Structures are given as C-alpha cells and as structure tokens.
Amino acid sequence: MKSIVALCLVGALLWSTCLPNPVLAMRCGSRLISEGDPKEKLVNECGPPANLEAWEEERYYHYDAAPPSYLYREFERYGSAYRVKVIIRVELWTYNYGPSRFMDYVRIENGLVVKIYSGGYGY
C-alpha cells in the first residue's frame, strides 16, 4: 500500500514539473520586474527583448447596470444588461539569456505587465 502511495506522489511530482512555470517577478540583474509594472520600467531595467510579438484583441465586458461613463463612452444594451466592447493592445516579449538559462516571456496589455512566465533553455 505504501509503495502505491509513493508511486502516485512521484507521478504527481513529475507531472507538475511538465507544466509551464508561472512566476510572479522577473529579475534583470539586481532589478525586479513584477506584474502590474509599466512597460517603460521593463525597458529601462531589462533592455529591449530578443523577440516581440504584438496584436490587438477584442474583449466584451458585461455590466448589470449602465457602465461608468468616465471609463466607457460607447456601450450597448444586451438583453437586460449592458455590453462594452474594448480593444486591448497585447504584446508578448521574449527575453533570451543564452543556452545556460531559461527564457522569460512577458505579456503586456495596454502598456502594463500582466503575466510573466519562464520557458525552456535559450539558444
């Protein structure tokens, strides 16, 4: 019985290491970049990325009452609720540190860092 439990624990540990590793911060030398930081801080602290991909995404937000007018000028009624269409500018920055370190990926939405995660070894 103990060997089955041990085998399951080892299997779960191996499976969890195969998942992408989300990190809460990225280190650039002695500086730290966290989620929520502006894009300008990322450029100043870490420099330009090795690769940059950019695109726009269309998102819809739903409100039960009329959305705040200082945030959204245009909205439409959608049944008994309100719907707002927002265009989000998305950028994916790749930092490649060479074959001895893992690469870092930074997702930026409308100028703010929203997600930082590590990938495989660089090239």
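Asp37 is in contact with Leu32, Gly111, Leu112 and Val113, leaving aside its neighbours within four places in sequence. In this predicted model, Asp37 sits in the loop between strand S3 (31–34) and H2. Is Asp37 buried or exposed? Its relative accessible area is 14%. Buried means under 20%, so Asp37 counts as buried. One of its polar atoms lies 2.8 Å from the backbone nitrogen of Ser34.

Now step back to the whole chain. The protein has two helices and eight strands. From the N terminus on, their order is α-β-β-β-α-β-β-β-β-β. Of the 123 residues, 26% are buried. The accessible surface comes to about 8800 Å². Carbon and sulfur atoms hold 58% of that surface. Among contacts with a separation of 6 or more, 47% join residues 24 or more positions apart.

Next comes the interior. In soluble globular proteins, nonpolar side chains tend to be buried together. Here the largest nonpolar core has 11 residues, among them Met26, Cys28, Leu42, Trp93 and Val113. Which elements each supply at least two residues of this core? They are strand S2 (25–28), helix H2 (39–46), strand S6 (81–95), strand S7 (102–109) and strand S8 (112–121). A second, separate core has five residues, including Tyr72, Val84, Ile88 and Val90.

Not counting residues up to four places away in sequence, Met26 touches Ile33, Leu42, Cys46, Tyr95, Val106 and Ile116, among others. Those others include Arg31 and Asp104.

Notes:
Residues numbered from 1 in each chain as written. Predicted model: local features only at pLDDT ≥ 70, side-chain atom pairs only at ≥ 80, totals over all residues. Heavy atoms only, no water. Helix = DSSP H or I, 4+ residues; strand = E, 2+ residues; numbered from the N terminus. Buried < 20%, exposed > 50% of the residue type's maximum accessible area, 1.4 Å probe, protein only. Contact = heavy atoms within 4.5 Å. Areas by Shrake-Rupley, 256 points an atom, 1.4 Å probe, with all protein chains shown as cover. Core = buried A, V, L, I, M, F, W, Y, C linked by side-chain atoms within 4.5 Å. Polar contact = N/O pair within 3.5 Å; in protein donor to acceptor, adjacent residues only side chain to side chain.
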